[in-house]
Amino acid sequence: MSARRIVILLLLAGGLTALILGRVYANPPRTVVLISIDTLRPERLGVYGGQPGTSPNIDELAKTSVVFDQVLANSPWTLPSHMTMLTGLDPVAHGVRRDGYHLSGRVTTLAEALRDAGFRTGGFTAGGFVAARYGFGEGFSVYRESYEPPGGGASGFSRILPEALEWLGRSRQDTFLFLHTFDVHAPYDTCDPETLASFRSRPVKDGADDYQLHRLSYLYQQNKMRVTEYARIGELLNDYDAGVHMADAGVGQVIEALRATGRLDNALIIVTSDHGESFADHGVHIGHGIGLTDDELHVPLLMRLPHDQFAGKRIGTLVDLVDLAPTVLDVMGVPAPHEMAGESLAKLAAGTPRHRDYVMGLSQNTEACFLVRDGFKFILSPSIPPMDIAKRHLGPMTPDAPGADPGDEYELGHDPKNPILLHYDVAGDPLGIRDVLLDVPQLYDRAKDPQERDNLWKQDPKRVEVMSGFLKELYLSSAQVHKDLDDGLAPEPVDPHVQTALSQLGYLAAADATEQRANYDQLPIALRAPLSKPYEPPDTGELIEGDQAAQFTRRRIEDGDVPPDTVQRALQSIGNKYVAWAVKNPDCIARVRWRVEALTELAQKAGVELDMDLWRKRFLSLEAKVAKEQHQVAPPPAPLQDPPPDPR
């Protein structure tokens, strides 16, 4: 074959490739818009199965976009996750995992790569953990932060879009616009009052997990985020969806601005989130930043390519936020920095198989990593004791019950003049924190168990061993990338102004960054040594049944639609169930004491009397028994009596 004929064939092959990819590479878009809607769970959007009318603009955008169904964040909280978006590095590799850290100057960000390619770059964010002080401003010619939301609530698009869209309208060159909003973030009741009222009019039914709200009312952070003001989780979700609707309206404004300026057809638009939100899915909390289950990691991702290429296509391949920066650069025809680990989602949309067959990430709050591969998710056991996690991030307050052990006292907050003094009975663990902050490995079959309820770590030790080994290799590889890119600068002190803004979003003080930096390149403890004595939680099924019955009765009392004698019988029966559980689990008596006191408060509110004498006698007997076993100093316990018969 002649050289001329070979050249012609190569040109034809290149043209065919360009045709397959539409005009993604042949005609790079003039505009890139990356929108991050903080704390957005996919299933609240209509395109992912949410209620109609919640997200009309995003749902309409989905018709001309590629929609990804299996997208995981690499961290369950804002700072490391957004840094992953804008660097193409996982949290171990970029290293910005805690407050006080700053991105190394040796890392090339997405904004820097686009700026160097001639793009005008602008970032407009609600601040918080997406502030320039962490390195997010690198590569942006304009980087604006909004710190003073009206009414002390979470700021949203209404504060940042006017300036952002005005900036966009002035551009006459290739442009990259990064937008970040807290519209959906807790507290959930801070959006436009009219929108809030509209979504609160949606009917709400009692839910099986509503009982969690009462238990969570004893946690400082949950009160800080005002989640305990809701009577039902469904009511909380209505307010959450109101925030989703507000964010959706902002997306609509961006699209209209692109259309008005003639940029829409040639624009790459990406809408995603940094992490999800747990609605007590696994009993830990309402919020994010701790767990590595999908309620905190699963995020939406819509990619609208220039000229509506691959419009309406849905992709079920597992991807993650590491892929965002390489995708943008690939579509733009800009070479990606060699350290970026992700792959172009545009190529995936065009049919190119994905080479990286895993997703890896971590929770800095527990120093635990996760790995998803071959249809399974493996979550490393935490390297921080569960009660230390609770102290620093959940802020538990001992339920106000007579005779309760005040437990350990500790302080939260950076202001020494106004510390947050908290205490908790660590030994008794009245709220069952150790039951939900698991200190054992977790292994879930994603196909058979999408809700991640059935932990298979004991049933499949071989898979745990293999995934743990692979995770260790990935961690060490990413740690080496971090070491190679590290500029050696020490963490910065925490800015009190920033801390105040973060406090408004319900965040508590994190661990000292300097201390963590010293041990950065070490493996998590759980990857260095095998688990010796895993904690085995008690069977709390009867307690949960009692909590559900108590919550149902609490709602009936508030609604005023139940006779007093019915209330009396229900509360007495629930109390009997609690005390009977304590008899079988005497070491866990602290879990029952506050529950019984809560029943007493309910009875007083309803104007009925309960037989408390028998309960108190049983508690005294059990406490004496436990004290004798633990300390060998308590007097002999009084004989236990059988509980009264169930009045029903």
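**A helix pair and its surroundings**

Tutor: Happy to. Helix H20 passes helix H21 in a left-handed crossing. Bear in mind that this is a predicted model. H20 covers residues 541–559 and H21 covers residues 564–584; their axes come within 10 Å and cross at roughly 160 degrees. That angle makes H20 roughly antiparallel to H21, because angles over 145 degrees count as roughly antiparallel.

Now look at who makes the contact. From H20 come Glu542, Leu543, Glu545, Gly546, Asp547, Ala549, Ala550, Thr553 and Ile557. H21 answers with Val567, Ala570, Leu571, Ile574, Lys577, Tyr578, Trp581 and Lys584. By type, the residues of this contact divide into 10 nonpolar, 2 polar and 5 charged.

Thr553 sits in helix H20 and counts as buried, with 7% relative accessibility. Leaving aside residues up to four places away in sequence, Thr553 touches Val567, Ala570, Leu571 and Ile574.

From the helix pair, let us turn to a helix on a sheet. Here 4 strands form an open sheet in the order E13-E14-E15-E18, with antiparallel pairing. Strand E13 (358–363) and strand E18 (442–445) stand at the edges, and each has a single partner strand, so one side of each is left without a neighbour in the sheet. On average, neighbouring strands of this sheet are turned by 15 degrees against each other, direction ignored. Inside the sheet, strand E14 (residues 368–373) and strand E15 (residues 376–379) are antiparallel and joined by 4 bridges; Arg373 has Phe376 of E15 as its bridge partner. Helix H16 (residues 461–485) lies across E13, E14, E15 and E18, and runs at about 110 degrees to E14.

In strand E6 (residues 175–181), 7 of 7 residues are buried. One side carries Thr175, Leu177, Leu179 and Thr181, the other Phe176, Phe178 and His180, so you can see both faces covered under the 20% cut-off for burial. E6 pairs in the parallel sense with strand E1 (residues 31–37) over 7 bridges, and Val32 has Phe176 of E6 as its bridge partner. Strand E4 (residues 120–125) also runs parallel to E6, through 5 bridges, with Gly122 partnered by Leu177.

Strand E10 (residues 301–304) is likewise covered on both faces: Leu301 and Met303 are buried on one side, Leu302 and Arg304 on the other. The neighbours of E10 include strand E2 (residues 66–68), antiparallel with 3 bridges, and strand E7 (residues 267–272), antiparallel with 4 bridges. Leu302 is a handy landmark here: Val67 stands opposite Leu302, and Val271 stands opposite Leu302 as well.

Finally, have a look at helix H12 (residues 324–332), where 9 of 9 residues are buried. Among them are Leu324, Pro326, Asp330 and Met332. Just after H12, Gly333 takes a positive phi of about 75 degrees.

Definitions and conventions:
Residues are numbered from 1 along each chain as its sequence is written. This is a predicted model: local features need pLDDT of at least 70, side-chain atom pairs count only at pLDDT 80 or more; totals for chains, interfaces and linings use all residues. Side-chain values use heavy atoms; hydrogens and water are left out. Two strands pair if DSSP finds at least two bridges between them. Helices (H or I, at least four residues) and strands (E, at least two) are DSSP runs, numbered from the N terminus. Axes are lines fitted to C-alpha atoms, for helices over the stretch in contact, and angles run from 0 to 180 degrees between N-to-C directions. Contact means heavy atoms within 4.5 Å. Buried means under 20% relative accessible area, exposed over 50%, partly exposed in between (1.4 Å probe, protein chains only). Angles under 35 degrees count as roughly parallel, over 145 as roughly antiparallel, 65 to 115 as roughly perpendicular and the rest as oblique. A crossing is left-handed if the near helix is turned anticlockwise from the far one by less than a right angle, and right-handed if clockwise. Ala, Val, Leu, Ile, Met, Phe, Trp, Tyr, Cys and Pro count as nonpolar, Asp, Glu, Lys and Arg as charged, and the others, Gly among them, as polar.
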